[in-house]
Amino acid sequence: MEIIEDRMVWGIIRRTLSCVDPRLVDHGERVAYIALELLRSAGVDLNARKNAAVLVLCLLHDIGAYKTDEIDRMMEFESQTVWEHSIYGALYLKRLSPLSGGAEGVLYHHVGFKRLQEAGIEGKSLRLADIIHLADRVDSVWKNELDFRSYLEPRRDRFFSIENVDLCLSAESRIREGLSSGRYGEELQNVVCRMHFSAQERRRFLEMLALSIDFRSEFMVLHTITTVGASIALARLLEIPEDSYSDLYYGALLHDIGKVSTPVEILEKPGRLSPEEFEVMKKHVTETGKILDGYVNPKAYRIAVRHHEKLDGSGYPLGLKAEDLSLEERVCAISDIVSALVRRRSYKEAFDKEKTKRVLQEMADQGKIGRRGVKAVIDHYDDFMETIGHTGEKIMETYASIRTDYQEMLAVAKAGQIPSLPERKPLDSLFTFD
Ligand SMILES: [Fe+2]
Ligand SMILES: [Fe+2]
Ligand SMILES: [Fe+2]
C-alpha cells in the first residue's frame, strides 16, 4: 500500500504547518489563490504540473518565517526586514524539499521586478518571484481594504511586471469574491489535488515535513533521524520481512511530528520537566495522530502514534499492552528510546555505551519494552550504532551547511546587494531501504 496518495500531499502539508502557526497557512493559501486567479486570467493550463507547482510554492513561500521568528513582523504591511525568512525558506526548499527548482523564486519574493532584472535574474525564477511578490502584497491590500488599482498602478513595471499587474487588475473582482467568501481554500485544493507526484517526490515531501520540526528544535531533527535509522537497523537484526520497512520508515520518520505544536520552551528545556510540563509534552502523540490521521496508511500511522506505549500498559496515550502492539510498533518504541539515550538532548548529555545498555536492559527486565529487541541491540551494539550514526552525520552536515549559507547570504543582503543561492545538491533521501 502506498504510504500517502497524491491527493493527500497538499492536505498533510497544510495540516502540519497549521500546527506551527495557522496565520501563515492562511496567508500562504490566500497568496496561492491570488496566483491561481492570475494564472487563470493568463489562460495557462492548470493541469500542467509546473503551474500547479507554482501554487504549492506560493503556499510555502514564507516557510522560512517559521524558523526566523519573523511571523509577527511579517503580518505587518510592507515589512522592511524580509531577507531572513526569504533566505532561510529558499535554503530549506532547495536542500530539503522536492521543489528545489522553485527555491530561487522564493528567495526573491520581496524584491522589486526591475531590481531583479537589473541583477540579471531571469526566466523561471524571475516569473515566480514576481507572482509571489505581487500576490503577497495584494493579500495585504485586500486585508487592509484598499483599492487594487491605486496600489498597483504606481508600482507597475518597477515593483511588479506590467503583465502581472494587468492580469491582477483584470481578475480583481474574482480575487475579492474568492477571498471574501472563503471559497479560496477549496478552489485551490481542487487544482492542487490533481497534481501527480512520483513515489520519490512524495517521500521527499514527508521527509521535508518531518524535518520541519527543526523549526522548533534542532535536537529533534537528530532525534528523528536516529529513530529512523535505529528502527530499520533493528528490523534487520530481528529479520522482520522487508515489505514492512516502508511502514516502519515512515512511522519512525513521522512519530514526533506532533511536536511542531509543543512550545519550544518545553522542547528545549535544559533539565527535567515539571509534572505539568510533562503533561504538555505528552500531548505531542495525539498531535502526531491528528496530523497523520487519514493521510498516511494505517500501519505507518499506528507505528507513529504508539511509540510511547509500553508492553506492561504503563505507556501513553492509550496504555495499550503487549498483545495490542505489533512487532514493528515495538521496534519503533525501542528505537525511540535508544535515540533518546545515545543522543544529547536539551535535558541530558549523550549516554555512553554501558549506561545505554544498562537502561535498556532495566526497561526490558521491567517488562516495558521487548526483550528480544533489546537483546539484539545489546549484542550488536557497536555495529548498530555505527549504522545509525552515519545517517545522523549526513543530515547534520546538511544543516551545518544551510546555516553557513544562511549567514553568508544574509551578510550580502545586509550590505544592500542581492544574494544568490549557492549551487548545492539537495539532500539525498535520508535512508535507503529500497
Ligand atoms: Fe515573505
Ligand atoms: Fe508572504
Ligand atoms: Fe515522542
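# Iron sites, helices and core of a predicted model

Along the chain, the donor residues of the iron ion (ligand 2) follow the spacing H-x33-H-D-x73-D. The model is predicted.

**The iron ion (ligand 2)**

- The donor atoms come from H27 (NE2), H61 (NE2), D62 (OD) and D136 (OD), at 2.0 to 2.2 Å from the iron ion (ligand 2).
- Around the iron ion (ligand 2), the four donor atoms subtend angles of 82 to 176°, which makes the arrangement irregular.
- D62 and D136 are both buried.

**The iron ion (ligand 1) and the bridge**

- D62 bridges the iron ion (ligand 2) and the iron ion (ligand 1), and these two ions lie 3.5 Å apart.
- At the iron ion (ligand 1), the coordinating residues are D62 (OD), H85 (NE2), H109 (NE2) and H110 (NE2), at 2.1 to 2.2 Å.
- The spacing of these donors along the chain is D-x22-H-x23-H-H.
- The arrangement around the iron ion (ligand 1) is irregular because its four donor atoms subtend angles of 85 to 178°.
- H109 has a relative accessible area of 0%, so this residue is buried.
- H110 has a relative accessible area of 21% and is therefore partly exposed; the cut-off for buried is under 20%.

**The iron ion (ligand 3)**

- D256 (OD), H284 (NE2), H307 (NE2) and H308 (NE2) coordinate the iron ion (ligand 3), at 2.2 to 2.3 Å.
- Angles of 81 to 167° between the four donor atoms make the arrangement around the iron ion (ligand 3) irregular.
- In sequence, the donors of the iron ion (ligand 3) are spaced D-x27-H-x22-H-H.
- H284 is in helix α18 (residues 275–292) and H308 is in the loop between α19 and α20, so this pair ties together parts that are 24 residues apart in sequence.
- Both H284 and H308 are buried.

- Helix α2 covers residues 22–41, which is 20 residues. From its first C-alpha to its last, α2 reaches 29 Å, close to the 28 Å expected at 1.5 Å a residue.
- Of the 20 residues of α2, 15 are buried, and the helix is mostly covered.
- Where α2 starts, a side-chain oxygen of D21 comes to within 2.9 Å of the backbone nitrogen of R23.
- After α2 comes G43, which has a positive phi, near 75°.
- Helix α3 is largely enclosed by the rest of the structure, because nine of its 11 residues are buried.
- The buried residues of α3 include N51, A52, A53 and V54, and also L55, V56, L57, C58 and L59.
- These buried residues pack against several helices, namely α1 (9–20), α2, α6 (83–96), α7 (103–107), α9 and α13 (184–192).

**The nonpolar core**

- The largest nonpolar core has 137 residues, and the members that touch the most other members are I12, L60, I87, Y108, L152 and F384.
- Helix α23 (residues 381–414) supplies the largest share of this core, with 11 residues.
- Apart from its neighbours within four places in sequence, L60 is in contact with I13, L17, L93, L99 and M208.

**Backbone features in loops**

- Most residues other than glycine have a negative phi, and most peptide bonds are trans.
- E145 is not a glycine, yet its phi is positive, near 55°. E145 is in the loop between α9 (123–143) and α10 (148–152).
- With a relative accessibility of 70%, E145 counts as exposed.
- E239 has a positive phi near 55° and is likewise a residue other than glycine. The loop that holds E239 runs between α15 (218–237) and α16 (245–253).
- The relative accessible area of E239 is 69%, so E239 is exposed.
- Y316 and P317 are joined by a cis peptide bond, with omega about 5°. P317 lies in the loop between α19 (298–305) and α20 (327–342).

Conventions: Residues are numbered from 1 along each chain as its sequence is written. Chains are lettered from A and ligands numbered from 1 in the order in which they are written. This is a predicted model: local features need pLDDT of at least 70, side-chain atom pairs count only at pLDDT 80 or more; totals for chains, interfaces and linings use all residues. Side-chain values use heavy atoms; hydrogens and water are left out. A nonpolar core is a set of buried Ala, Val, Leu, Ile, Met, Phe, Trp, Tyr and Cys residues joined through side-chain atoms within 4.5 Å. Buried means under 20% relative accessible area, exposed over 50%, partly exposed in between (1.4 Å probe, protein chains only). Helices (H or I, at least four residues) and strands (E, at least two) are DSSP runs, numbered from the N terminus. Contact means heavy atoms within 4.5 Å. Donors are N, O and S atoms within 2.8 Å of the metal (3.2 Å for Na, K and Ca); water is not among the atoms, so sites may look incomplete. Four donors count as tetrahedral if all angles lie between 85 and 135 degrees; four count as square planar and six as octahedral if opposite donors are over 155 degrees apart and all others between 65 and 115; anything else is irregular. The expected span of a helix is 1.5 Å times one less than its number of residues. A polar contact is a pair of N or O atoms within 3.5 Å; within protein, one must be able to donate a hydrogen and the other to accept it, and residues adjacent in sequence count only if both atoms are side-chain atoms.
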